[in-house]
Amino acid sequence: MDPASGLDAVRHVGVRGGRVQALSASPLDGHRTIDATGLVVAPGFINLHWHGTQPRSNTFEAMDGVTSTFELEIGVADVDRWYDERAGRMPINYGAAVGHAPVRMRVMDDPGAFVPAGPAARQPANDAQRGQILEGIERGLQRGAVGVGFGLAYTPAASRREILDSFRVAARYKAAAYVHIRGASSAGSADREEGLLEVIAHSAVSGAPVHVAHINSSAQEAVDRLMEVIAQARGNGVDVSTEAYPYTAGMTRIESFLFDTWGDKPESEYAKLQWVATGERLTRESFHRYRRQGGFVLIHANTEARVRQAIVHPLSMIASDGFDTEPPSHPRSAGTFTRTLARYVREEQVLTLMEALRKMTIMPAQRLETRVPDMALRGRLAPGAFADIVVFDPATVHDTATYEQPARYAVGMRHVLVNGQPVVHDGAPVPDALPGLPVRAPLHQ
Ligand SMILES: [Zn+2]
C-alpha cells in the first residue's frame, strides 16, 4: 500500500543499496527474502513530533512502525551538536528544527530543562536579546535544521514582533514553523482560537509555512472550530498543517508556565494531574510540592470523542509528541501509530487503512520536502525511494503501552526496514541495528 500513488495491490518489492529498486507483479530474486504473505507492506512512518534524547527510546518508535523521527515543536539551540550526538547511534532516521524556545533560553540564561522555567518564559527580550535570538535561529538554519520550532505556550513574554521576525528568518530558508500555539494546552486556555489565528497571521505575512502541533490537546473542546479555521486558511492560500496523537491525556513539565495559573484551583482540577514518576494523582498539596521539584506530569483533560475528531479529520497527520521511555513518560511514545491502526481503522472503522497510512507517510514527508530534498524520497514505496518499509499484520497490530506502564513495545509490526536494513525482524527489535541516517537540510558555510 502506497498512499502517495494510491497503489493497493499484491507486489514483490526489490531492495538494493538502501533503496527500493522494483515493485513487481512477478517474483524477484534476492540474497534475502521476507515472506509478507497476508501482511501489509507500506512506507515506514514519519513522526513529526518527538523529544527523545536516548537512542534506545527510538527502538520503541521502530516497534510502532516509525522509520524517521523529528524534534520539531521545541527544537534545539545547537543543531550541529544534536546531529553529532546521534551519528551512527540511531536505529531510525532523525532530524531536528532549530528552536525559538531553546535559543531564547540560551540568550536569556533560563535554567529550565527542555522548556523555559524562568526568564525565557516570563521576560520580554530587549533589542539586543531579540537580535541574538534571530541570529541563533538563522545559524541553526545555516547548519541544516529542517525547520524552526516555536513553543509559544511556554514563552508568553515573547512579543508578536519577535515571533514575526523569527518566522521571517524561517521563510528566507524555505523552512516551516512548527508551533505549540500560544495560550493553548491540556492545562487550559482562555481562547484557543487566538493562538491559532496568531500563527496563521505570521505565516500569511512572512510566507513561512506553519505546522500546528497536537491539535487534539491544543484545541480540546474547540477541535471542530480550529480545524475549520485551518481548512479555510488553506483554502485561501496559507500553507498551514496540523497533527494529532490518539490519547486523551497530555504531558508536560509541571514547573513550566502552563501551570502558572494553577496556584489555587478546586481539588478536582489537581486530581486531573498524574505524576509520571509514581503514577499518583495529585492534590493541591502535592501539586505545589512537585512544582518546586520539577518533572513530568500527565494531564487528563480531553475526551475520546474530541480526540477521535482530531485523528480522523482529513487534514491531520499522526505524530506522537513522544519522549524517552526511561525514565517513564507517556504511552504515546511507544504506541501512537499502532494505536491509530488498531482503534480507528480496525475496531471503530472511522478511518480506512489507506487514509491512516497517508497521515503517517506522505503527508509528513511533503511537509518537510521543500526544505529537505531527501524527504521527497521518503514516505513513499516506489522505485528510487529510500527503503524505509513496514510489514505488519493489520488484524493484530496494536499498542500495549499504558499510562502506568508506558515503556511497552507495540505488537504487530512484523518487519521494519530503515534504509534497507532490518531494525525489527519477526516482531522483535534487531539488537545493535543502527542504520538510521541524519535527515538534514543543505548546509551553508
Ligand atoms: Zn507541545
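Buried area is the accessible area, found with a 1.4 Å probe, that two parts lose on being put together, summed over both. The structure described here is a predicted model, in which local features need pLDDT of at least 70, side-chain atom pairs count only at pLDDT 80 or more, and totals for chains, interfaces and linings use all residues. Residues are numbered from 1 along each chain as its sequence is written, and side-chain values use heavy atoms, with hydrogens and water left out.

The chain is divided into domain 1 (44-248 + 301-374) and domain 2 (251-299). These bounds come from an automatic or database domain assignment. The centres of domain 1 and domain 2, taken over C-alpha atoms, are separated by 23 Å. Domain 1 gives 20 residues to the contact and domain 2 gives 15 residues. Contact here means heavy atoms within 4.5 Å. The size of an interface is often given as the accessible area lost when the parts come together. Between domain 1 and domain 2, the area buried is about 1,500 Å². Carbon and sulfur atoms give 64% of that area. On the domain 1 side, Arg-122, Tyr-154 and Ala-187 lose the most area to domain 2. Together they account for 31% of what that side buries.

The rule finds one salt bridge across the interface of domain 1 and domain 2. A salt bridge is a side-chain nitrogen of Lys or Arg within 4 Å of a carboxyl oxygen of Asp or Glu. Asp-260 forms a salt bridge with Arg-122. Their closest N and O atoms are 2.8 Å apart.

The model also holds a zinc ion, whose protein donors are Glu-73 (OE), His-180 (ND1) and His-214 (NE2). They lie 1.7 to 2.4 Å from the zinc ion. Donors are N, O and S atoms within 2.8 Å of the metal (3.2 Å for Na, K and Ca); water is not among the atoms, so sites may look incomplete. Along the chain, the donors follow the spacing E-x106-H-x33-H. Glu-73 belongs to strand S5 (residues 66-76) and His-180 to strand S8 (residues 177-180). This pair, 107 residues apart, links distant parts of the chain. Helices (H or I, at least four residues) and strands (E, at least two) are DSSP runs, numbered from the N terminus. Both Glu-73 and His-180 are buried. Buried means under 20% relative accessible area, exposed over 50%, and partly exposed in between (1.4 Å probe, protein chains only).

Helix H3 (residues 100-107) is largely enclosed by the rest of the structure, because six of its eight residues are buried. These are His-100, Ala-101, Pro-102, Val-103, Arg-104 and Met-105. The buried residues of H3 pack against several elements, including S5, strand S6 (93-99), helix H5 (127-142) and helix H6 (160-172). Asp-165 is placed in helix H6. It counts as buried, at 15% relative accessibility. Residues up to four places away in sequence aside, Asp-165 touches Arg-130 and Leu-134.

An open sheet is formed by five strands in the order S3-S15-S16-S17-S18, with antiparallel pairing. Strand S3 (40-43) and strand S18 (428-429) are the edge strands, each pairing on one side only. Two strands pair if DSSP finds at least two bridges between them. Strand S16 (residues 413-418) and S17 run antiparallel and are joined by three bridges. Val-418 has Gln-421 in S17 as its bridge partner. Strand S17 (residues 421-425) pairs with S18 over two bridges, again in the antiparallel sense. Here His-425 stands opposite Ala-428, and Val-424 stands opposite Pro-429.

Most residues other than glycine have a negative phi, and most peptide bonds are trans. In the hairpin of S16 and S17, with two residues between the strands, Asn-419 takes a positive phi near 50°. The hairpin of S17 and S18 also has two residues between its strands, and Asp-426 there takes a positive phi near 50°. Just after H3, Asp-109 has a positive phi of about 60°. Phe-114 has a positive phi near 75°. This residue lies in the loop between H3 and H4, and counts as partly exposed at 28% relative accessibility.

The loop between strand S14 (316-318) and helix H13 (332-347) contains Pro-327. A cis peptide bond joins Glu-326 and Pro-327, with omega about 0°. Asp-321 is placed in the loop between S14 and H13. Its phi is positive, near 55°. Asp-321 is buried, with a relative accessible area of 5%.
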